[in-house]
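Hi,

Here is the structure I promised to pass on. Have a look at it first, and then read on for what turned up when I went through it.

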Amino acid sequence: MPSKAKTGKKLVIVESPAKSKTIAKYLGEGFIVEASIGHIRDLPQPSELPADLKKTSLGKFAVDVENDFKPYYVVSPDKKKKVAELKAQLKDADALYLATDGDREGEAIAWHLLEVLKPKVPVYRMTFGEITKEAIHRAMDNLRDVDAALVDAQETRRILDRLYGYEISPVLWRKVARGLSAGRVQSVVTRMVVDRERERMAFKAASYWDLTGQFGAESGSFKAKLAAVDGAKVASGRDFNDDGVLTARNAVHLNEELATSLAAGLENADFRVRSVDTKPYTRRPAAPFTTSTLQQEAGRKLRFSSKSTMQIAQRLYENGYITYMRTDSSALSDEAVTAARRQASELYGPEYIPQSPRVYSSKAANAQEAHEAIRPAGDSFRTPAQVAQQLSGDEFRLYELIWKRTVASQMGDAKGSTATIRLGAVAADGRDAEFSASGTVITFPGFLAAYEEGKDETRGDEDSEEARRLPNVAKDDSLTASDIIAVGHETSPPPRYTEASLTAELEKKGIGRPSTYASTISTIQDRGYVRKQGSALVPSWIAFSVVRLLEQHFTDYVDYEFTADMEGDLDKIANGQAVGAAWLKHFYYGEDADPGLLSIVNNLGEIDAREINSVPIADGITLRVGKFGPYLESSVPTVDPKTGEVVEAARANVPEDLAPDELTAAKAVELMETAAPEERVLGKDPHTGHTVVAKNGRYGAYVTEIIPEMTEEQLANLPVEYYKNGKPKPPKKPVKAKPRTGSLFKSMTVESVTLDEALQLMSLPRVLGEDAEGNVITVQNGRFGPYLKKGTDSRSIGSEEEIFTITLEQALEIYSQPKQRGARAAVPPLAEFGPDPVSEKNIVVKEGRFGPYITDGITNITVPRSTSLEELTRERAVELLAEKRAKGPVKRTATRKAPAKKAAAKK
């Protein structure tokens, strides 16, 4: 067979279209640069496996747990067209360059491409840390093979997450609620947020007082704070524990009476300087950004979510403005150090750079030093002013932050001096009071001329060394005093995590990889485990139930050290020091006295779901996590005041916006006392005999009918079905009839609604009649008020009461008028992102009944709760649509068995 004629063309495959355009420009003619648009294949859902494989050891996870945990991959449905295009391009190429990202994820994508495309031409692995001409050319000079150890590590991580989620999540479904999920890192992060809320709930505030005063000398005045009384330190917030107990030895605890009397006794006291202490002040710059520190600082300074930060950083990287944004390293290349020092010298002066370059290394647990720090791209940096016109507002702000941090990291220390003045006097009652004031004066700003690192919220009343100049005083100088006042304080509970502080804590503990922090924090919000209250992360009550179950029955799998050690083991696989299959076998099956996940799941024993979903709040009041949300329940039986009969325990709904630590015993009592009756019997429907009740539900008050269970006699009289051999089939459980329901009008309450009104509400929608063409017209109540409906044409009507009075003639009159285009008229999209790479239809964001959603006219996906419209990017929109397509259409419950799917060929 004749060999293929050489074409001189070289195919380069990257992940994203944005990156492909930039790289193509640098490589020039002879290179075809294509994008895979992320992963091309993955593990399918077990339900999507070919029928002949579902009964094998692959059937449970799409991973063969009996044969070295070999995964079964399929090409994603939305990537089949892309794979065909890549294969067609490869036919005309003389070489294949796999230029996906240089981390584990990128290495895995490169390997999957290699496995699916099966090239018959030379294959080269090409990696670069930035998309600049110099970096691309250096990458072409340093080609290598696909790193098998990195691929093994990523594949092990993927399989591990499948085993963890698919074994533990069903336990949550059975004992907490359907639709919940457990994850190797996700569940541990949820536990961290819950643990912090538990600390806040257990916290007992302590009250303490101190004094402040304004003091004057010939050279100026200053403010000082009481530091000691009779030589004993005055207790401050940090001297109390979380039980409100003073723990500092020999500290004096001032209450309001003592503080107020001391302030009064010092009104005419003779204050003098007792000591002046001056020390040199030196502050060093922070290291260049890693993935984690970038997310933290962007959260503090720019108020970006972790997810938004990474999306913006991705765009900056792909368009050649910064280096690769997923890195644990704070080191800079020699070229970057030179560029930063040169720019600092040019902008601030040669005196602002130290004699020798600064060298940084990561301090984080499990840090990987494979990449350089995040910095401006290139061997010489562009200033923010030089790129301002090319970037969007958020892109510019993040680039400016990265540029400032990088340049500052190679600048000199900030220098100055810190002065502390101690002054005092004897009060009228003989007590000796000593005050203190501190101030820091910067004499050489050094790196502060370019950048200053932000800080997270801390507890207590930290003494701040403010950048203020204290007056020039000496020991024994006399001082005037004014405005000496007693000030009361309360200790504060541990601050809730923000995305920034949670990211810092995860990195400190070595849990997960910094590159996944953004998606993990986003996931726990999307799952409903955590919500944002301002910038604080607040856990839901369902998160308490999930964490409690995992702590009691899967202790190791939400243990912080165990999870960090697991991350270390995965790093050993990436470094070639361990093999994924052997590690997975130990994790799943266990060894000797160390039980594996399978053994733990199979020996769970009895789990008391009621106990798992209960949290005592006050004496006799327990919070329950129910199917429709959290509610309070009294353990004391309620007595009907009219009949004297003991009725069902009283209940009260918990407001959705009430944080767990705000549900105090007093608040619980208040909610129970003010709760509307949960249910009121209205009577019987004269036509059906069913009891009709009015209820307070999570989404408002409504009426419904109670359909009684079938009696044994009725069940016995049901028709019997037979097999073909004549034997009777086991009796089927009868399908329970769906009760009629109806939401109360705004003018109605559970206490006031009547049986007649309830029957009317349950009869909706009301049929008015037909128009001339035979189209049925109905009237009903909806989320946005009462309306008429004729086919797909809906028209609003005035009030809810009109639902039962409007006539067919009035409805026809409304339909005879042009449809009003007012407040409810079709509105323009909330955002537009151009054509989708798969459907080639325009992607837009629209406001829907259940919130904003993304659509290309074919596929719809709701915007995740954790993503604001301002944070939503084109790349994220494309990704969400692709994920929705991959899942396929929503499967509806059918009354007959659907035909078996055609078996997919193993890839």
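By a nonpolar core I mean a set of buried Ala, Val, Leu, Ile, Met, Phe, Trp, Tyr and Cys residues joined through side-chain atoms within 4.5 Å. Keep in mind that this is a predicted model.

**The cores**

The largest nonpolar core has 75 residues, and the members that touch the most others are Phe554, Phe587 and Leu632. Helix H6 (residues 148–175) supplies the largest share of this core, with 9 residues. A separate core of 54 residues lies apart from it, and Ala298, Leu316, Trp403 and Ala408 are among its members. As a bit of background, nonpolar side chains in soluble globular proteins tend to be buried together.

**A four-stranded sheet**

Next, there is an open sheet of 4 strands, paired antiparallel in the order E20-E21-E22-E25. From one strand to the next, the twist averages 30°.

E20 and strand E21 (residues 621–626) run antiparallel and are joined by 4 bridges. Valine 615, for example, has leucine 623 in E21 as its bridge partner.

Helix H16 (residues 541–553) packs on it, touching E20, E21 and strand E22 (629–634), and its direction makes about 85° with that of E21. Helix H21 (residues 665–674) lies across E20, E21, E22 and E25, and runs at about 85° to E22.

**Helix H4**

Histidine 112 sits in helix H4 (residues 104–117). Is this histidine 112 buried or exposed? Its relative accessible area is 6%, so histidine 112 counts as buried. Not counting residues up to four places away in sequence, histidine 112 touches His39, Ile40, Arg41 and Tyr73.

**Salt bridges**

The count comes to 51 salt bridges.

- Glutamate 107 and arginine 144 meet through their side chains at 2.9 Å, N to O. The pair links distant parts of the chain, 37 residues apart: glutamate 107 is in helix H4, and arginine 144 is in the loop between helix H5 (133–140) and H6. Glutamate 107 is buried at 0% relative accessible area, whereas arginine 144 is partly exposed at 29%.
- Aspartate 161 and arginine 184 also meet at 2.9 Å, N to O. Aspartate 161 belongs to helix H6 and arginine 184 to the loop between H6 and helix H7 (186–202), 23 residues apart. Here aspartate 161 is partly exposed at 32%, and arginine 184 is buried at 6%.
- Lysine 225 pairs with aspartate 210, with the closest N and O atoms 3.9 Å apart. Lysine 225 is partly exposed at 28%, while aspartate 210 is buried at 3%.

Finally, salt bridges that share partners join Arg104, Arg157, Asp161, Arg184, Asp328, Arg513, Glu567 and Asp571 into one network.

Cheers

Methods:
Residues numbered from 1 in each chain as written. Predicted model: local features only at pLDDT ≥ 70, side-chain atom pairs only at ≥ 80, totals over all residues. Heavy atoms only, no water. Buried < 20%, exposed > 50% of the residue type's maximum accessible area, 1.4 Å probe, protein only. Helix = DSSP H or I, 4+ residues; strand = E, 2+ residues; numbered from the N terminus. Pairing = 2+ DSSP bridges. Axes fitted to C-alpha atoms, helices over the stretch in contact; angles between N-to-C directions. Contact = heavy atoms within 4.5 Å. Salt bridge = Lys/Arg side-chain N within 4 Å of Asp/Glu carboxyl O.
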